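Dear colleague,

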Amino acid sequence: MNRLLRLLFALPMIALLVLPVAAQKPEEGPPIPNDPVLPVKLKKTFTNLRIRRPVTITHAGDGSNRIFFAEQQGVILAVPNDPEVEEPEVFLDIEDSVRFNPRQNEEGFLGLAFHPNFKENGEFFLYYTIKKGLVSHVSRFKTMKDDPTKGDPNSEEVLLTIEQPFWNHNGGSIEFGPDGYLYVGLGDGGKANDPFGNGQNLSTWLGSILRIDVDKKENGQNYGIPADNPFVNTEGAKPEIYAYGLRNVWRLTFDRETGACWVGDVGQNLWEEIDIITKGGNYGWNVREGLHPFSEEFAKSGAKYIDPIFEYHHNVGKSITSGYVYRGKKVPQLQGKFLYADYVTGKVWALEYDYDTKKVGKNYRIEEPSNPPVVCFGETEDGEVLMSAIFGEYGSIYEFAPAE
């Protein structure tokens, strides 16, 4: 089966990020960049495991060096950091509580983050779509009292209840920043064109990145609002909002060396973008897509938009999968570069960026194995980066290595 037929067969079942009709045909655009190729290869790892739709890969930061794979259906698997491992342990199973439909597959279990003090308090946090209705929860769970190696499915405490107008554009990234607060990346609510203008509306959580304090409970809520959140004193604004003007964040990560917050925002018609998030920033959707005008319907006089640091046209790829700034030791060629991919084409890149000058350097290609549909990247406790691709019901895990 050739690559085109394979992709057409796979998309209805596995397209994590919906492609609008306008973006499904070949696009004319600027010349396709001739990106230099890094002497780095991707190779399959953890090949003895069968993991269903691994949409999150992470670690607990507890010194155990375990790796956690979150299946979109609602199960978290835990394994030692040993590529030869044959049997995963079920860390948590809430599949009966999760809404997942393979043909409406931007829902499901989408985010997992461990508390910075997980070793002491056993707390971890989930983002998932509940069984009934277009509703997402961000919830706190704890480990079992009699077995701290496993999560307790009966320990759920809901922090955020997010009503979604449509099934797509759920976002789903949850990550703890270096400040100890929990960041939540949300999409604009779905459909196409952001019909309700959520991206430019501070009175809704949708289309935003939220920041909350999970170590406090205030105003009848199971979380607190950081005092320096940018809109706490803005009339009509949701105080949880940290940044806004985003279409569908997939994904949000922090550079473990600099603390910078990196985001890939999935485009609609023509442009995919990479942003570095700043407090109070407006990233332009749906007035802009990338650096380009999109719609004036929800534009506001005097609004200032933060430019993406990088964008690529749909003649290159059509759905960004954002990754990590590499800070591991096994692949020196990747050091300090931002890893990302395109879900539809399977292309993988490493982007140079200078924090001092705020300028992008070279964008390197990494030769991918058989153009996998890349769904997520993950970081191990020691800073190495893994990558997940999904074919049908199951996923494959890849690691980066120097080319031979």
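Is Tyr242 buried or exposed? Tyr242 has 12% relative accessibility and therefore counts as buried (buried means under 20% relative accessible area, exposed over 50%, partly exposed in between, with a 1.4 Å probe and protein chains only).

This is a predicted model, in which local features need pLDDT of at least 70 and side-chain atom pairs count only at pLDDT 80 or more, while totals for chains, interfaces and linings use all residues. Residues are numbered from 1 along each chain as its sequence is written, and side-chain values use heavy atoms, with hydrogens and water left out.

Aromatic rings. The whole structure contains 24 aromatic pairs (rings of Phe, Tyr and Trp, the last by its six-membered ring, with centres within 6.5 Å; planes under 30 degrees apart count as stacked, over 60 as edge-to-face and the rest as tilted). Tyr183 and Tyr242 form an edge-to-face pair, because their ring centres are 5.2 Å apart and their planes stand at 80°. Tyr183 is also buried, at 3% relative accessibility. A separate set of ring pairs joins Trp262, Phe310, Tyr312, Phe338, Tyr340, Trp349, Tyr353 and Tyr355 into a cluster.

Charges over rings. Arg50 lies over the face of Tyr394, 4.0 Å from the ring centre (the criterion is NZ of Lys or CZ of Arg within 6 Å of the ring centre and within 35 degrees of the ring normal). The charged end of Arg247 is placed over the ring of Trp285, at 5.6 Å from its centre.

Cysteines. There are 0 disulfides (pairs of cysteine sulfur atoms within 2.5 Å). The closest cysteine sulfur to that of Cys261 belongs to Cys376, 17 Å away and so too far for a bond.

Kind regards
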